Amino acid sequence: MPQAIDTPDLFTPLRLGAIELPNRVIMAPMTRSRAGAGNCPTELTAEYYAQRASAGLIITEATQVCDTAQGYPNTPGIHTDAQTLAWRAVAEAVHGAGGRIVAQLWHVGRISHPLFQPNGAAPLAPSAIAAAGQLFTGQGMEPFPVPRALETAEIPALVRQFADAAKRAVYDAGLDGVEIHAANGYLVDQFLRDRTNHRTDQYGGSVENRCRFLLEILEATAHAVGADRIGVRLSPTGVFNDMGDSDPLPHFLAITKALNPFNLAYLHVIEGRPGHHMAPPEGAPHVAAALRAAFKGPFILNGGYSQADAATALAKGEADAVSFGEAFIANPDLTLRFNTGATLAEPDRTTYYGGGAKGYTDYPALESVAA
Ligand code: PHB
């Protein structure tokens, strides 16, 4: 029997900490804004993810860890008993269909509005700096409000909310793990990057201080569910949500090295391919290769990869797996289509957010596969 396979492809099994993947075609987290009453996932949510169970791993849409964490209409939470029970049904459906699923845990921080906050309060953030631009409240567009800078003494409770959500996800809902959303300009990323973190306490200033919030979340969640069921997602050069950093390469190298002692299940980095909306802006460095070299565990890349791009990235050792977003919206059986060279269906962008089954669970799988 031949032993190890030197050059992995998308169909080579992969172990991410405690999670065994039969292939390396990962479903990226995507907000679909279809949660039901109480921000609970619905039967349709379970059907949607179960249809995509042939992914090596499903990473759920970003999911609120507490009642200050929301910034979009109808995004699910995992902090109430009803939400947790609803996620249990999702996990059972995915497992029943032979899949694996981790919950992406988020807090939006300043990317919110009093309309989403308890008692109409200001959203929370590391510093009282509003994002440029507007957000959709469900009723219309509103400018991003000036958030309230968190008191130092409030931070431990937020850290605990992540750990409690992780416990609910793994022990109560039966998901396979969690991904800490530390990307795309949401709360953890707002702490990591110096455009949004102007704090003068132990959570701001140096990069060591700016990553303290993330590291405390990892310590608490690892204590709760085990580091081998935890991934982290970063977007070092992303500008989405009015983000930026003065020196992303050294800063995110330091952050990545600080992750190593945890022995996480994986690190998931967004660095868009040329032309992709998550590509580094003009003049910004590309950092993914350096982070790949610095990180001691499994590395997942994301950002507009085609099947061929992904295969090349794996063959060159640029990543251990690649996650696909929009392609999974329109192709529930994306793994099979990649494996058989079948044509990919194009997603309908008008049904990405909100609504029901249309554009969500009604994309057909291939009925038969040409030999
Ligand atoms: C979105 O809802 O547009 C969204 C959510 C989470 C992300 C990125 C975009 O990380």
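Is asparagine 74 buried, exposed or partly exposed? At 35% relative accessibility, asparagine 74 counts as partly exposed, where buried means under 20% relative accessible area, exposed over 50% and partly exposed in between (1.4 Å probe, protein chains only).

Before continuing, note that this is a predicted model, in which local features need pLDDT of at least 70 and side-chain atom pairs count only at pLDDT 80 or more, while totals for chains, interfaces and linings use all residues. Residues are numbered from 1 along each chain as its sequence is written, and side-chain values use heavy atoms, with hydrogens and water left out.

**Two loop asparagines**

Keep asparagine 74 selected; it belongs to the loop between β4 (57–64) and α2. Helices (H or I, at least four residues) and strands (E, at least two) are DSSP runs, numbered from the N terminus. The phi of asparagine 74 is near 55 degrees, a positive value in a residue other than glycine. Most residues other than glycine have a negative phi.

Select asparagine 39 next, in the loop between β3 (25–27) and α1 (43–51). Asparagine 39 also has a positive phi, of about 55 degrees, but at 17% relative accessibility it counts as buried.

**Helix α2**

Move to α2, residues 81–96. This helix of 16 residues reaches 22 Å from its first C-alpha to its last, close to the 22 Å expected at 1.5 Å a residue; the expected span is 1.5 Å times one less than the number of residues. Colour Gln83, Thr84, Ala86, Trp87, Val90, Ala91 and Val94, which are buried. Seen down the axis of α2, these buried residues fall within an arc of 160 degrees, so they line one face of the helix; the arc is that of the directions from the helix axis to the C-beta atoms. An α-helix has 3.6 residues a turn, so residues three or four places apart point the same way. On the other side of α2, Asp81, Leu85 and Gly96 are exposed.

**The ligand site**

Display the ligand and its shell: Thr31, Tyr72, Trp106, His181, Asn184, Tyr186, Phe240 and Tyr353. A residue is near a molecule if one of its heavy atoms lies within 4 Å of it. The shell divides into 5 nonpolar, 3 polar and no charged residues; Ala, Val, Leu, Ile, Met, Phe, Trp, Tyr, Cys and Pro count as nonpolar, Asp, Glu, Lys and Arg as charged, and the others, Gly among them, as polar.

An N or O atom in the side chain of asparagine 184 is 2.6 Å from one oxygen atom of the ligand. A polar side-chain atom of threonine 31 lies 3.2 Å from a ligand oxygen, and for tyrosine 353 the corresponding distance is 3.3 Å. The protein covers 84% of the 280 Å² of accessible area that the ligand has on its own, as given by the Shrake-Rupley method with a 1.4 Å probe.

Threonine 63 is in strand β4 and is buried, with a relative accessible area of 0%. A polar atom of its side chain lies 2.8 Å from the backbone oxygen of glutamate 61.

Finish at arginine 349, in the segment after α11 (334–340). At 60% relative accessibility, arginine 349 counts as exposed. A polar contact of 3.1 Å joins its side chain to that of glutamate 326; such a contact is a pair of N or O atoms within 3.5 Å, and within protein one must be able to donate a hydrogen and the other to accept it, with residues adjacent in sequence counting only if both atoms are side-chain atoms. The two C-alpha atoms are separated by 9.1 Å, with arginine 349 and glutamate 326 lying 23 residues apart along the chain.
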